[in-house]
Amino acid sequence: MRGLKYQLKNVLRDKFCLMTFLLPILIAAMLNFMGSIDMSSLGKLHFGVLKHDLSPQTVTWLERYGSVTFCETSMELTTAINEPSTNIIGVKANGATIETIIAGDELDIFQQAAATLPTLYQQRTDVAQAEVLILKRPDILKNVQGIFIPTMLIVAIFMSCTFNAMNIISEKEDGVAFVNEVLPMTPSQYILQKIAIGFLFGSLSAIVTACICFQLSWQNFGIMLALIVLSSFVAALIGLFIGQLSENLMIGVVYIKIVMLVFIVAPILHALIDMNELLTMICYLVPSQPSFEGIMALSSENTKTAMKDIGVLAIHCITWFILYVLISTRRKKQAI
């Protein structure tokens, strides 16, 4: 119990661990908040015109498609069009029609609008008689959230790995690791003591993130909880391996970054690229792959796939646990 209190104090002192714990929660809350913001105004057209250049009827017609800004001089209009932070389309009279002026650095959608506007103006009488069908505006963040939210959960789960690795490395540098080698503890007791805090904090971070991002039924929440707990346990075990292999803090940070990169890249590539069976099996060797796939499956109410991924994660837990016990036992015998 004293060992757990000591490790808990280390967590509260370690800014890196606290940031890893809080960052997924903050990003999940931000992403959830952004999904409720109406961002349609970002695609609204903005026109710049000279005073007394266009007829009032033409200005009224432009206001149907976007906002109209009046400029006193041609220089002022040119400056507004060339401003990099805006997508203003300049509109001038050209006989019976109009012409548009753009800077060329606008988004494609505004460049296409500028090219189409004169033709649309010439055909405004026919367009006014056309039947207008208003389509439902899609959620522009939906596709991003589909991949981004599981990625945030993977980062939250990875906190277990980060803490355990940093904890063991700091004990090596402080000389505490030599004391641990002679303590009357079995490898299993040492593992459970070492992974407890990192495992609990990683699980808690992922659970809070999942509660913010998902609205799950009690059954699906139980499946999500199983995915998070098993994933955090595997990540905590991998953190022990990194801590044992790292000779100092700098090497440990490099190993953590590499493992975290693999944890994130492998499932994302599997989700975006159509892989063959061999590459799919290789991806499943990375514990984050079944975690990511299970979370994605739960978001689409596919409990069958999620249950399969829980089984894969259980195999990972058993395999990594047995492997670490065998290695720890062998090293302790060699030390004696």
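The following legends describe close-up views of a predicted model.

**View 1. The largest cavity and its lining residues.**
A search of the whole structure finds one cavity of 30 Å³ or more. The largest cavity holds about 50 Å³ of space. Its lining is formed by I154, I157, S231, F263, P287, S288 and S291. Two helices, helix 7 (142–157) and helix 14 (288–299), each contribute at least two residues to this lining. Sorted by class, the lining comprises four nonpolar and three polar residues, with no charged residues.

**View 2. The buried and exposed residues of helix 3.**
Helix 3 spans residues 56–63, and within this helix T58, V59, W61 and L62 are buried. These four residues lie on the same side of helix 3 because they cover an arc of only 160° around the axis. P56 and Q57, on the other side of helix 3, are exposed.

The phi angle of H52 is near 65°, which is a positive value in a residue other than glycine. With a relative accessible area of 81%, H52 is exposed; the cut-off for this class is over 50%.

**View 3. F214 and its contacts.**
The loop between helix 10 (187–213) and helix 11 (218–245) contains F214. The relative accessibility of F214 is 13%, so this residue counts as buried; the class requires a value under 20%. When neighbours within four places in sequence are left aside, F214 is in contact with I149, L153, M224, I295 and S299. One of these contacts, I149, is 65 residues from F214 in sequence, while the C-alpha atoms of the two residues are 9.2 Å apart in space.

**View 4. T280 in helix 13.**
T280 is located in helix 13, which covers residues 277–284. T280 has a relative accessibility of 18% and therefore counts as buried. Apart from neighbours within four places in sequence, the residues in contact with T280 are H270 and M275.

**View 5. The aromatic pair W218 and F221.**
The structure holds six aromatic pairs. In the pair formed by W218 and F221, the ring centres are 6.3 Å apart and the planes meet at 85°, so the pair is edge-to-face; an angle over 60 degrees places a pair in this class. Both residues belong to helix 11, where W218 and F221 are three residues apart, about one turn of the helix. An α-helix has 3.6 residues a turn, so residues three or four places apart point the same way. The two residues fall into separate accessibility classes: W218, at 76% relative accessibility, counts as exposed, whereas F221, at 28%, counts as partly exposed.

**View 6. The aromatic cluster of W61, Y65 and Y121.**
Ring pairs join W61, Y65 and Y121 into a cluster. W61 is also one of the buried residues of helix 3.

Methods:
Residues numbered from 1 in each chain as written. Predicted model: local features only at pLDDT ≥ 70, side-chain atom pairs only at ≥ 80, totals over all residues. Heavy atoms only, no water. 1 Å grid on protein atoms, 1.4 Å probe; cavity = no way out; pocket = protein on both sides within 12 Å on 5 of 7 lines; lining within 4 Å. Points joined across faces, edges and corners; volume = space filled by probe spheres on them. Nonpolar A, V, L, I, M, F, W, Y, C, P; charged D, E, K, R; others polar. Buried < 20%, exposed > 50% of the residue type's maximum accessible area, 1.4 Å probe, protein only. Arc of directions from axis to C-beta. Contact = heavy atoms within 4.5 Å. Phe/Tyr/Trp six-rings, centres within 6.5 Å; stacked < 30°, edge-to-face > 60°.
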